[in-house]
4 protein chains.
Amino acid sequence: MNFASDNAYAAHPAVMGALNDANSGAMMGYGADPVTARAQEAIREVLEAPEAVVRFVSTGTAANALVCAQLSPPYGRIYCHDDAHIETSECAAPEFFSHGAKLVTLPGQGGKLDPATLAQALRVGAGAGLNGGKSAMVSITNATEWGTVYSPAEVAALAQIAHQAGLPLHMDGARFANAVAHLGCSAEDLTWRAGVDALCFGGTKNGAMAAEAVVFFDPALAEGFDYRRKQSGHVFSKNRYLAAQMLALASDGLWRDLAARANAHAQVLAYAVLEGGGTLLQPVQSNAVFATIPADIHARARAAGALYYLWPDKSAEGLDPVPLRLVCAWDTPEADVAALAAILRG
Amino acid sequence: MNFASDNAYAAHPAVMGALNDANSGAMMGYGADPVTARAQEAIREVLEAPEAVVRFVSTGTAANALVCAQLSPPYGRIYCHDDAHIETSECAAPEFFSHGAKLVTLPGQGGKLDPATLAQALRVGAGAGLNGGKSAMVSITNATEWGTVYSPAEVAALAQIAHQAGLPLHMDGARFANAVAHLGCSAEDLTWRAGVDALCFGGTKNGAMAAEAVVFFDPALAEGFDYRRKQSGHVFSKNRYLAAQMLALASDGLWRDLAARANAHAQVLAYAVLEGGGTLLQPVQSNAVFATIPADIHARARAAGALYYLWPDKSAEGLDPVPLRLVCAWDTPEADVAALAAILRG
Amino acid sequence: MNFASDNAYAAHPAVMGALNDANSGAMMGYGADPVTARAQEAIREVLEAPEAVVRFVSTGTAANALVCAQLSPPYGRIYCHDDAHIETSECAAPEFFSHGAKLVTLPGQGGKLDPATLAQALRVGAGAGLNGGKSAMVSITNATEWGTVYSPAEVAALAQIAHQAGLPLHMDGARFANAVAHLGCSAEDLTWRAGVDALCFGGTKNGAMAAEAVVFFDPALAEGFDYRRKQSGHVFSKNRYLAAQMLALASDGLWRDLAARANAHAQVLAYAVLEGGGTLLQPVQSNAVFATIPADIHARARAAGALYYLWPDKSAEGLDPVPLRLVCAWDTPEADVAALAAILRG
Amino acid sequence: MNFASDNAYAAHPAVMGALNDANSGAMMGYGADPVTARAQEAIREVLEAPEAVVRFVSTGTAANALVCAQLSPPYGRIYCHDDAHIETSECAAPEFFSHGAKLVTLPGQGGKLDPATLAQALRVGAGAGLNGGKSAMVSITNATEWGTVYSPAEVAALAQIAHQAGLPLHMDGARFANAVAHLGCSAEDLTWRAGVDALCFGGTKNGAMAAEAVVFFDPALAEGFDYRRKQSGHVFSKNRYLAAQMLALASDGLWRDLAARANAHAQVLAYAVLEGGGTLLQPVQSNAVFATIPADIHARARAAGALYYLWPDKSAEGLDPVPLRLVCAWDTPEADVAALAAILRG
């Protein structure tokens, strides 16, 4: 019973099928192949963004850090949430790729930046001078690191503030599909229509082996981006195999269906937590549950072989109730969800 | 008929099979899965290097540049051939990853460094002082960018010179399998027994989708390497899919068999070139043929749909004879090889 | 009446005299001159550190950032106070020089790290894994950005915690002289005897034109440091002019005398603030006063031509009382100090 | 008798005088002082470039590397001569500051790029693709590393080729004054009128202690440059002391007079070399003589205490004739010049 992470799970059969389809004979390398072209077009269609520049990379860290380097100079200030993945979980990749950009982290309920906090930070940043660096971009994560989701209106409010300061808005969408599935909105409503300038559209956590799409809605923002990918070792010579994965996910709404399934699993667990006397630390709006549960229930879950992380870290072991994170994937076995839910209910 | 590059070709069925095998259920991420462990062990067995540190990345540029950053400080001098892939074809990735290391490039017949040239360069480098930077490492490619191969004795001669200067020796083995297949030696004879300290063992050009192994024969040299991979976005969360590819290649000598097949194709073409009045620009020792052919034969090959690069670039178009490069892969169709050979014979 | 910053003030006549003394005829460049040798020795004597490696650079940002790059890999975590100069005022120079190191900032009263907070942060850092990076060093500022001073015992407590975690301790001593002058201790008591591994010994704010000494108490920590200086453009070809400045300050205790004078000015102002009904935001232990004063007194000071910064920034204009920072230098005219003090007394 | 380097010599009394003049009381820091404003204006007047952006830094390496980072992205190709200072003598600072730019070095007589070679290299670069990087800028040195000088027409020919390829032209003018003094032209004729976009105008080798001016003739090219200076530790808080040095040199043509004096010394030595049976390896057009002299004359010069470097390095010791470099400064004693000349005449 693995609830440790959605990246602990497998690739969807349709992804494997697409890889097999792509695996025939010679195609020109470095993205000049028909699979890549089709996958780029498929992503543009999902986003209703016919002009967007779409590129594929193999990890979320690469996707985010490349966008940071693209949108921020070395002396730039990148505004994000205190708990943003780019701050906490990418080993300072944004600083490495950008050659020094400073992440200015901001507090916010439920892992979400709020407009007033951002606006105030941008005012301070505008006066930071040489000492503080130059404001360069705003980055949000949707779904967030706390499993919550920004609505299109919330994204738009942040985008407006960023744009008024002359800054582009980046969305780390490692779990973008989960956010869309939760909201029931369209992909474009949550991105360019709301003012998002660059999107990292995650595949890895949602049924791919290792594939993410980087999308620039304004092609002018993508100038030179391919060189950055190449210089950081993120251009695949056999690019068709990256592209095929995203092509499969983008086809027939698979990306949304898989996310909806993972989200549904999380809802089951959330209710079970509450029934068992636990509390939800955040609204459950995607595929992760942040909760506290009674220590005896935790002990029973562990005894039953359930894998999950205590949160924020293992120093929580021994507390009662126990804070933890449960993450579901598209292919978390329903039996596992049911079994854990039964334990959680007490 | 694609002879443009070996990376234009597909993944081997055994690789696809290994991916399918790996694609079942949940496994812990970031390399803490059993497939990764087995693949690392398989590479160590191929190299008869039970203590070696083995890591997987998805591109050759990443593999090489990460090793450069690992073995050279920002102010380091990296000695390599004028035509080394790290110099000509990686968009300055070694400089980017290392934060400034200087590639000191040296001439040499057939794409190979020769000991006297290297020794002299290291003497100059030893006196380069603050202005010139600090000698840090030596890098060779085997098989080389000109399709030639260093023998174990040739590698050992260079390693000895490097080691006497206190420098480690890196081997870019994007086509390592082709070199071993040509030489008929063991993998260890061509690497650690000859003094190689770090090896990039290529899979992508030899039947993988996108997978390379980075090998440090002395674990002390690998200190902190995982952080470098992570910070540059080259740690896969679902690492099993990288590992599975190399596991397939490392099993039952597949890596060697596939390379031997590609090499054999190249031999067929090389003889055909000579029969048709062309000349070989380099000895054909791996899977690439560098040659000149009469212009009329070139015209017939193009008319028959043969794809290949003029060499060093398309400015050679219109010359007679025409210099070109023909690259074969494990799965270049035999019919294509035969058809092109027939044309080349005139 | 300039109380804006100590770097608004001039160079001491002895510094100018030393520059004139050094300005005769030819000397070998890049530090191979007798002035440099004498200045290095003078700093070692001040610190009672005969084995220390001493190098001169021209700015405090360079000194700090070079030490960070020396002691932290690109994937390192550098622990410092929320308000550390390296975090707030160096335009991400540590990230730039180190190629990505993450500054982990910690709260603390009066601009000072406290041992329990540091110890807890290091425990978290030890479990940060690849995502969070590798703990690399601890950096403190003495005197702090809030004008307070760490005692030798306080430094030792932090050093012990750092060392137990295997990390070196860096002291940003842009106002080191002010700290020593306040404490009445020896320079060695506040540095290596207390466990400091690397010191940036400031000259610029204390009577030099532009000169800082970087000191590594353990020569092994300085390995390759000269290359870093060179590669970042911080090796002066005519190094004697950097060295002469520090030689003058290090001679006959001038560095301490000048700092004591600046500190004394600050004490005068601090008492005046209190007499006038203002409050001190921090204990006044060096040459800066952080205080609030009644708005009418502020208005009179401005009318009298007093220059100083509102704190933390000009958004404080209009408040009553007004928070501000007053900084004194060795050559702030006594008449100016007296005049401002009179106004502050109300 | 020091002919080792022009940076072995002292600062001019007028420079010291300007420093003393600047050394009075409080001035706002970071360049917001009147000395800086006057010095910037003086440089603009020297160059007849009223719109130019002028900034001061303390070393030539910083000046050049900052311009490289300003004009080239990390994936850029910087075209320069094989013997350019940025390639041979700056410890890979351009790569470090730019975060990876590749120096594409080109051969050329007398240390000078020739137009045909440059044009051909730019054609190759235009086809370099992702593998080779993106052409970003052209850099020349005037006077060159071989003591020769580009005329305005020669500069214009290179500028035209660079601009046709869309690239800016940088001039490393560490010895710009020597070039102007030799040519008898105006500073503007040799720079913006000839198409130079960015100039590093050297002071250190020509009577300053440590000061260089960076000049962007088109202010648009300077966007963000101050942040780069700050982030690399090259913003002086007491900027007046950098500025005062350049102000003194720029006043009353002092920069040109000092360079003319150094050049004249070199002419004396050049004739003496020829009279003594030596040969000039390059035309003597600035303040350095590259020559060979009979071994017995070399022995006598050494016995008389003459300091100079064998060229390209000390491995030339023992040759007959002996290749060497003699560099003169504005304050090389005339008696020393006469004494060495007497020896050289045999």
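**Chain D against chain A, and the B/A pair**

Q: How much area do chain D and chain A bury between them?
A: In this predicted model, chains D and A bury about 1,800 Å² between them, with 62% of that on carbon and sulfur atoms.

Q: Which residues of chain D lose the most area to chain A?
A: D:Tyr75, D:Leu130 and D:Tyr227, which together make up 39% of what the chain D side buries.

Q: And how many residues are in contact?
A: 20 residues of chain D are in contact with 20 residues of chain A.

Q: What's the count of salt bridges between chain D and chain A?
A: The count is 0. For polar contacts, there are 6 residue pairs between chain D and chain A, both residues at pLDDT 80 or more.

Q: Which helices supply the chain D side?
A: At least two residues each come from α5 (93–98), α7 (129–132) and α10 (225–231) of chain D. α10(D) gives the most, with 5 residues.

Q: What's that side like by class?
A: The side of chain D that touches chain A has 8 polar, 7 nonpolar and 5 charged residues.

Q: Switching to chain B: what rotation superposes it on chain A?
A: A rotation of 180°, with 0.0 Å of shift along the axis and an RMSD of 0.1 Å. The two copies are therefore related as by a two-fold rotation axis.

Q: Which C-alpha in chain B is nearest the axis?
A: That of B:Ser232, 3.5 Å from the axis.

Q: Do the copies meet through the same surface or different ones, and why?
A: The same surface, because 100% of the interface residues of chain B are also interface residues in chain A.

How values were computed
Residues numbered from 1 in each chain as written. Chains lettered and ligands numbered in written order. Predicted model: local features only at pLDDT ≥ 70, side-chain atom pairs only at ≥ 80, totals over all residues. Heavy atoms only, no water. Contact = heavy atoms within 4.5 Å. Buried area = accessible area lost by both parts, 1.4 Å probe. Salt bridge = Lys/Arg side-chain N within 4 Å of Asp/Glu carboxyl O. Polar contact = N/O pair within 3.5 Å; in protein donor to acceptor, adjacent residues only side chain to side chain. Helix = DSSP H or I, 4+ residues; strand = E, 2+ residues; numbered from the N terminus. Nonpolar A, V, L, I, M, F, W, Y, C, P; charged D, E, K, R; others polar. Least-squares fit on C-alpha atoms with pLDDT ≥ 70 in both.
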